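Hi,

Here is the structure for you to look over. My notes on what turned up follow it.

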Amino acid sequence: MFLLGTQKINDAGHLEIGGCDTVELANEYGTPLFVMDEAHIRAQMRTMKAAFDAQNVDCHITYASKAFPCLAIARIAAQEGLWIDVASAGELLTALRADFPAARIIFHGNNKSVEELEMAVRSQIGRIIVDNFDELEMLDRIASEAGVRQQIMLRLTPRVDAHTHKLIQTGRIDTKFGFNIDGGSALRAVETALKKENLELLGVGCHIGSQILDAPFFTLAATIMVEFLAQVRDELGVEFEQLDLGGGLGVRYLPEQTPPSMEEYAATLVGTVREGLEKFGLMMPQIAVEPGRSLVGEAGTTLYRVGTIKRIPGVRTYVSVDGGLSDNPRPALYEARYFALNASHASEAQSDRVAIAGKHCETDVLIEEADLAAPTRGDIVAVYATGAYNYAMASNYNRFRRPAVVLASDGESDLIIERETLEDVLAHDLLPERLIQKDAATV
Ligand code: LLP
């Protein structure tokens, strides 16, 4: 039986999360519904911290909030002593409104606007991860106008082709992100940044991609980053205090997937860094990692209600649910695969092979081959591991309302994001007077 976090099957034969019966949650809050397992999120955050502590390094665990930006999860990350990574004004505002200590906020992005940089400086956030030469100039000016010396790091591109979907690889030479180490742009960026009066360069970072299931890619990136630290020391006479190795650790979407454990991940990264530092005679910097998916991905489950069932003899059975592309675009974007079960009949054999389809005007198949216990209209289907980059990427396609999200723990559930109303969806539509006058003209 494939169960994640606190998921279990209760006496009613229903899937339970955080001690809450998912069929009851679906009845109470409606569907589609995201259920976030609070204990699992906290456990992942603690395990990640403990894994790096066990390596005897000074390390910041930074929650990459893009995975699931909302007040409640930001607050949990703050309570667990993490840092937070934001990548837009909206994510920054979310962290600030969640009372995240500004000193533990870091700001990423390849095309930050002047307004975003000003907001970040004004909010006195911990550090800004500068991505390009333009940004160095802009930020130096903004910091000077604000009369502050802003702490920064530089985002580097270490040339690593991680085996993950090409749309979520970011460490290759051919990427919009960061200063490439190859070709010397990264070294020039360090040189330039060191000369900026209003910026204090603490170190460098990289992020090679997401949903990485093979530890050697992390080893390669860490090795290249340490070589770069040695190059900076040799050519510019500077040793950095900080090294950020990004996020990217994969999760289990399917029972057969085996991502490295957090312990393995920490040991690989720190071991590689340590070995490199010794080789070059460098001191140990403070390490940062920026996990998003591995902290919240497995903690999320989407509950849908089954509607139409279409059987095409000898071909396939389509079980349509009341969400789809708008709450989970990942199958369409990345050919992402998911596991599901019939949460209403969770203790029965999940033995009917079906396709789970959404209800958009689109061939939005969420899972091409799912095994469900005899699904019938009204059953609750649970799709696992939807905590990262699902609600975060939800849309209003076909003018669907974005779903509600509840946080479940110890038998209690609380709404952390309300379901949008149809009025919310239409709230920004306008009918210009000029168009209305055309009615009169055409009648
Ligand atoms: N740090 C930086 C600079 C990043 O760009 C990202 C993710 C992370 C950390 C967190 O990576 P994680 O630990 O979550 O893998 N929408 C895609 C994923 C895009 C990831 C973007 N950057 C998906 O649904 O798979």
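In this predicted model, 9 residues of domain 1 are in contact with 10 residues of domain 2. Domain 1 covers 8-37 + 297-426, and domain 2 covers 108-291. Their C-alpha centres lie 36 Å apart. Between domain 1 and domain 2, about 950 Å² is buried. Carbon and sulfur atoms give 62% of that area.

**α5 with α6**
Helix α5 spans residues 114-122 and helix α6 spans residues 133-146. They pack at an angle of about 45 degrees, and their axes are 10 Å apart. Because of that angle, α5 counts as oblique to α6. The crossing is right-handed. On the α5 side, the contact is made by Val114, Leu117, Glu118 and Val121. On the α6 side, Glu135, Met138, Leu139, Ile142 and Ala146 take part. By class, the α5 and α6 contact has 7 nonpolar residues, 2 charged ones and no polar ones.

**α6 with α7**
Helix α6 also packs with helix α7, which spans residues 185-195. Here the angle is about 10 degrees, with the axes 10 Å apart. Is α6 roughly parallel or oblique to α7? The angle is under 35 degrees, so α6 is roughly parallel to α7. From α6, the contact uses Phe133, Leu136 and Glu137. From α7, it uses Ser185, Arg188, Ala189, Thr192 and Ala193. The α6 and α7 contact divides into 4 nonpolar, 2 polar and 2 charged residues.

**α2 with α3**
Helix α2 runs over residues 38-53 and helix α3 over residues 71-79. Their axes come within 10 Å and cross at roughly 40 degrees. α2 passes α3 in a right-handed crossing. Which residues of α2 meet α3? Glu38, Ile41, Arg42 and Met45 do. Their partners in α3 are Ile73, Ile76, Ala77 and Gln79. The α2 and α3 contact holds 5 nonpolar residues, 1 polar and 2 charged.

Best wishes

Methods
Residues are numbered from 1 along each chain as its sequence is written. This is a predicted model: local features need pLDDT of at least 70, side-chain atom pairs count only at pLDDT 80 or more; totals for chains, interfaces and linings use all residues. Side-chain values use heavy atoms; hydrogens and water are left out. Axes are lines fitted to C-alpha atoms, for helices over the stretch in contact, and angles run from 0 to 180 degrees between N-to-C directions. Helices (H or I, at least four residues) and strands (E, at least two) are DSSP runs, numbered from the N terminus. Angles under 35 degrees count as roughly parallel, over 145 as roughly antiparallel, 65 to 115 as roughly perpendicular and the rest as oblique. A crossing is left-handed if the near helix is turned anticlockwise from the far one by less than a right angle, and right-handed if clockwise. Contact means heavy atoms within 4.5 Å. Ala, Val, Leu, Ile, Met, Phe, Trp, Tyr, Cys and Pro count as nonpolar, Asp, Glu, Lys and Arg as charged, and the others, Gly among them, as polar. Domain bounds come from an automatic or database domain assignment. Buried area is the accessible area (1.4 Å probe) that two parts lose on being put together, summed over both.
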